Amino acid sequence: MAVPMKLAAILLCAFTLFAANSFAAGGDIWKHPLKDSGSTAIDSTFSPMTAHAVVRGDFKQTKTIAQLNREFVSVGKFVIANDKGVLWDTEKPFASRLAISETRMVQQNANGSHSEISAKDNVVFAQIAKAIQSIFSGSTSKLQAGFHIFFDRRGSNWTIGLIPREASVKKAIQSIELTGGTWLERIKLIDGSGSPLLYELSNPKPGSGLTAEEKALLEK
Amino acid sequence: MVHIAMLALALCARPWNIDTSLYSILPTASSLKDVSEAEKRMSEQTMNQLNILVGHEDFQTARKAADWFDSTLKDDSRLESVRYTISDGALEETANYTYRHRFSLLGDDYVQALTGTAGAQFARDEALQRIYGAFSLSDLSHLEEDPYLLGARAFDRFTVYSPLLSNKLSIKDSRLVANDSAKTYILWSARVHPDEKGIASEGHVLERVNAAIDSINMRYPGISVAKSGVPFHSFESSKNAQTEITWISAISITLALVLLIAVFRTPIPIASTLSSVFMAIVSALALTWSLFGEIHMFTLVFGTSIIGISIDYAIHFFTDWKFSSENPDGNGVRKRILKGILLGFMTTELGYIALSVAPFPLLRQMALFSATGLASALCTTLFLFQAFPKATHVRAGRAPHLAASLSHMYDWYYRLRRPLKIALPVMLCALAVPGLIRLNVQTDLHNLYTVSDSLKKSETLANKVIDFGTSGSYYIVKGASAEDVLQKEESFIHKMEQGKKDSVFRNYLAVSYFVPSKKRQEESFAIIKQTLQGDAATFLKSQKFDNDSLFQKSLESFRPITPEDTFPSDWQTALQTLWLGEIDGAYYSTVLPLHVNDASALPGLANGCEGVYFVNKVPEISRSLTEISRILIVLVAITNLLMFAIFIPVYDLKTAFRIIRIPVCAGIAVASVFGLAGIDFNFFAIAGVILTLGIGIDYSLFFREGGGHVSTTALAIALSAATTILSFGSLSFSQFQPVYVFGLSIFIGTLTSFLLSPLTQKRK
């Protein structure tokens, strides 16, 4: 009996370790493709996040470049306006702002430099902007149009994996992993060269609406 | 002897070049002639392009259909290239190229921002935004070597901001797609092999493309296919024209031969007449090739037709030979018809000499060709046919008598009282006035080609869905070397930028966007080096890098790019169209305005720019043809006056007037009918009038000189008119506008000349 008991204990231990490890890393999300029935699960996952017209919060961005053995960290504030788009205000170490809406992308930096790309003028941008915006739209159908979706839920924690359908987008974004509980907490994006770009989101709060400046950036 | 010499000359004149360029029509002074070869190359680049859109409400169905279409045609050897799926490696290829040549491809805005004291700070800020900004997907792996991320900047210029992408196309499943009216269209494009004939022929690749389009509709119900591209138009119009002209020619030639055989009952006159026409064509070709080096397509068509009137001399000869009761031999016939034929020849030649006065080389060529051809026909008739012995069976028969009744058809008119005799022609002339008032002397190339409804619908849909934004107008830049062209283009680009700001057009494409001049690249590099070389160490330290050795080393790798380099595959189609390269020692490129809003402002942009030519081919050629048409009308009038002046001493004033009124009335009749029918009196119509001028004079003189041989003269004229009307008049049944107009003009002119010519005969 001792041997079987011991074996059972080892197996149990191994299983527990495996499960814990999987969960800690967000699991191997790529083994969980979203089934047709799973779209309602994603909708319910997103619903707390999309309940408010405007959500504001803080973010920390970590860009890891393996070839240089370096990490580039920046922090700032984000605004997600449900039906209009997203706005990323990087504060440190270099101030810049990025606004993405369905029709355009606007970039500004501290030296007053301003660039704008219209979706109708550029195929590649239109695809990438649509992909980024769909992540924050809370719309499963929009996500499905641009990505192969993977989904895994453990208790109140969930992970969504996204792989772009379009080869051209895949050249810029290989994959995206979203993880969270009641709200989206982490976005891990693997760029075209294989370097990870990690966003840690914190202090999400419903906002009272967009400022005039924010509206100008998102509503044109 | 002369003919043998001409044959030898024709053989020596090889290669027998035929000029098909519409630019040859332009007057010698036209500046566009300077770039006609470049335009031709540009046309060759764009004229072989096919675009097919396969659409359906369901993308997957559209994709299946487009995949099937691609698999059917992609290996066709007559297609030089096929573009359907976007290569996965295309973006990477562009990224590698733009990184390698980042110092050359940054664009003027960026380089200008580097000048001045804040230049280095600007470069730092731009780089820091890429490093720390949100969702910046710039590749940072080369940061030590390229700390200011110039490679990423150059890459964005050709991916994010590229004018190549300013259309309605997007990418889905590695295919270019566009949406319209709830349907998703997938683009399939190809380039027809340059060796493939421009016109429809057996086994033409367009036959297979059209068959595949037909099959796709049957295989995938509900699918929409739109096709666009010049080859479809050339194929359709030439196919229709060929079929039609083959039928018309076959029927009219058969009828003409049947008529001649029925009348002559012997093949000798027919064979001799045809050999006379053949020799006329060979002589005309030989002399034109010898003097001009080539012959224009228009000269060939127009001139060969003119030689057709030389058939009249032979018919006139053989009618007299065969039907005259005096049964003369060849020499005898020659004596009898000499004066009429010679006068007809001289006056017609005079008309051709008048043509050569105009400042259009094409008209001079046409004049030489026709004058030579006609002279050859005259020589054959007067010097070769005279050797004919007497006809063995002189036929009186019914034909001459029937024809002779033609000479009596106006007897009633001569019996009228003088006031009525004057009033009747005046009234007839008055009838022509409304038509002449409405006459529109204009040659518009647009009106010469009628596109079929289905192709028009297809083109409209394709333009709406794809919206490439190109129009028929563009600029050609000419220079002494590749570098010279690029420098001239760069000077011109300032004006294009202004045009863009002024909303003359939404965007534009130019070679210098992809390949700046060597001078510009070196100047830019000097600014980059001067601004950043000293700043790099500090900047890299601020980003926690040890030193700037990699950056300093990278500065040594600068090498200017040239138009002859190998470019990323995504750029190749655009560069093939834009860079025309070396032609006859000069270099050329094109600048394409896209999505033009104000076409009237386009020509002005080239003003004052050395070596820059605005090209808008269709209106330019149309204007020239209209000018030629007007000159031709004046020349026809002058020729008539000259003929009149010649006839006065030969005959008398009254007879001269009687003779000249026939071609004048024929010309007026043609113009009046065209005016009344609202048909443009264009180049082809006037060419027909010139032809009938010779015909009218001949008929008129033959009747005048027929004297006592009324029946044979009338028969000769009736046969000439019948063969001319059958051969050329039948062309008025053509759907192909130039042929229709030419045929109609000859039909009216010949008929009028034929009907009025008995009025010139001597009355007892």
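Visitor: How far apart do the C-alpha centres of domain 2 and domain 4 of chain B lie?

Guide: Domain bounds come from an automatic or database domain assignment. In chain B, the C-alpha centres of domain 2 and domain 4 lie 52 Å apart. Domain 2 of chain B covers 49-85 + 174-235, and domain 4 covers 405-438 + 651-764. This is a predicted model: local features need pLDDT of at least 70, side-chain atom pairs count only at pLDDT 80 or more, and totals for chains, interfaces and linings use all residues. Residues are numbered from 1 along each chain as its sequence is written, while chains are lettered from A and ligands numbered from 1 in the order in which they are written.

Visitor: How many helices and strands does chain B have?

Guide: Helices (H or I, at least four residues) and strands (E, at least two) are DSSP runs, numbered from the N terminus. Chain B has 31 helices and 13 strands.

Visitor: What percentage of chain B is buried?

Guide: A residue is buried if 20 or more other C-beta atoms lie within 10 Å of its own, exposed if 12 or fewer, and partly exposed in between, with C-beta atoms placed from the backbone. Of the 764 residues in chain B, 48% are buried.

Visitor: What is the strand order of the open sheet in chain A?

Guide: Two strands pair if DSSP finds at least two bridges between them. The sheet in chain A has 11 strands in the order 6-5-4-3-2-1-11-10-9-8-7, with antiparallel pairing. Its edge strands are strand 6 (114-118) and strand 7 (147-154), each pairing on one side only. One pair within chain A is strand 4 (residues 96-101) with strand 5 (residues 104-109), antiparallel over five bridges. There, A:Leu98 has A:Gln107 of strand 5 as its bridge partner.

Visitor: Which helix of chain B packs on this sheet?

Guide: Axes are lines fitted to C-alpha atoms, for helices over the stretch in contact, and angles run from 0 to 180 degrees between N-to-C directions. Two residues are in contact if their C-beta atoms, placed from the backbone, lie within 7 Å. Helix 6 (residues 119-132) of chain B touches strand 2 (70-81), strand 3 (85-92), strand 4 and strand 5 of chain A. The direction of helix 6 of chain B makes about 80 degrees with that of strand 2 of chain A.

Visitor: How many residues does each chain bring to the contact?

Guide: Chain B brings 29 residues and chain A brings 34 residues. On the side of chain B, helix 6 gives the most, with seven residues.
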